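Here's a quick briefing on charged and aromatic side-chain contacts. Have a look at the entry below, then read on.

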Amino acid sequence: MDGLCEQETISIRSSGRSSKDAFEAVVKRHMKDAYFIALGLVGNREDALELSQEAFFRAFRNFKQLSSKAKFFPWFYQILRNLCFSHLRRRKVRRASSLEDSEGNTIEADNDDRFDPEMVAERNETKDRLWRAIGQLDYKHREVIILRHFRNLSYDDISKILFCSRGTVTSRLYYARKRLKEILDHEGPHPAGTRKGGRH
Amino acid sequence: MTCQDYKDLMMAYLDHELDDQQKRAFEEHLASCAACAKEMEEFKKLKQLTDDVTLVEPEDRIWQQYWGGVYNRIERGFGWILFSLAAILLIIYGGFKFIEELIKDQTVGMLLKVGLLALIAGLAILFVSVLRERVYFWRRDRYKDVRR
């Protein structure tokens, strides 16, 4: 993952190969990053695979918008995150509308109900709790945690990808970790797989 | 510097993103501030926990078929564009032919001819109007040239 944002100012247009072949190389280079970032944002494998592939398709369709001096990945990341966040918003609306009781009152749902602990390698109770707690963070906090911990990006790379300053990255990480700590402290240990009571 | 200023350095210290001078200054502050030292310890524990979590790597089959999934979308996208263009062309051609035949056909009553022509003209006006509106708003879209 070194210098993800520095790699290649890929210019499919100026490549000697056909645009399809050049784009295939780009997809193969970034597919793991795209999949794992999407997985961190939406929490389950099927959606992550679907959304990351859709993001590459949209990138191919809108490639003209990328100026020749711009780096591919930060631009692509905007497409991917927008897709993931729209997907999460739609999911939330669908869930809210399906969780109305017989009197029409809305029952609040956990944010993390699709954050499948099966996605965590070498599982134990603590790791499961942490993964579900990440699923309860708001989108902006969740994404910095994913980029820093699961893709191991430097602050400089995160700031390039998010089009913000290093200071903003630091501050977002501070509040994201603080919130994560609060969620974990509030819940306390409980058997893996048990649903939590309330939302925070 | 206040504790709040040092809090800004806390994350960078935790993630080894400080230069030597900043690191020394921060460690000196930690040695003299119990509240910041306590908060730092808690963050260290959390980071250890988070660093411990890794995500399951999907089976190789997923990576082998990944490009195929993207390519299918690209191919179908082109397919839909071609299909839509061809459908529009055929509808326009068919429409002209139909009008031509209708006008030439002596057995069709004048009222029916006028009615059908008015229907087609109405559809054409609606289509042009909607198209013009879309172009008008697209030209005035302040964000259409925004490049990331």
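Glu39(B) and Lys7(B) pair up through their side chains in a salt bridge at 2.7 Å, N to O; the term covers a side-chain nitrogen of Lys or Arg within 4 Å of a carboxyl oxygen of Asp or Glu. Bear in mind that this is a predicted model, where local features need pLDDT of at least 70, side-chain atom pairs count only at pLDDT 80 or more, and totals for chains, interfaces and linings use all residues. Side-chain values use heavy atoms, with hydrogens and water left out.

- Glu39(B) sits in helix H3 (residues 34-52) of chain B and Lys7(B) in helix H1 (residues 3-14) of chain B, so their contact ties together parts 32 residues apart in sequence. Helices here are DSSP runs (H or I, at least four residues), numbered from the N terminus.
- Glu39(B) counts as buried, at 11% relative accessibility. The cut-offs are under 20% relative accessible area for buried, over 50% for exposed, and partly exposed in between (1.4 Å probe, protein chains only).
- Over in chain A, Arg91(A) and Asp47(A) form a salt bridge at 3.4 Å, N to O.
- Arg91(A) belongs to helix H3 (residues 72-98) of chain A and Asp47(A) to helix H2 (residues 45-61) of chain A, so this pair ties together parts that are 44 residues apart in sequence.
- Arg91(A) and Asp47(A) are both buried.

**Other salt bridges**

- A search of the whole structure turns up 25 salt bridges over all chains.
- One of them joins the side chains of Arg61(B) and Glu59(B) at 3.0 Å, N to O.
- Arg61(B) is partly exposed at 43% relative accessibility, and Glu59(B) is partly exposed at 34%.
- Shared partners join Arg148(A), Asp156(A), Arg166(A), Arg177(A), Asp15(B), Glu17(B), Lys47(B) and Asp51(B) into one salt-bridge network.

**Aromatic rings**

- Over all chains there are 23 aromatic pairs. Rings of Phe, Tyr and Trp (its six-membered ring) pair if their centres lie within 6.5 Å; planes under 30 degrees apart are stacked, over 60 edge-to-face, and the rest tilted.
- Tyr136(B) and Phe137(B) have ring centres 5.4 Å apart and planes at 85 degrees, so they count as edge-to-face.
- Tyr136(B) is partly exposed, with a relative accessible area of 43%, while Phe137(B) is exposed at 52%.
- Lys181(A) lies over the face of Phe43(B), 5.1 Å from the ring centre; a charge sits over a ring if NZ of Lys or CZ of Arg is within 6 Å of the ring centre and within 35 degrees of the ring normal.

Notes: Residues numbered from 1 in each chain as written. Chains lettered and ligands numbered in written order. Helix = DSSP H or I, 4+ residues; strand = E, 2+ residues; numbered from the N terminus.
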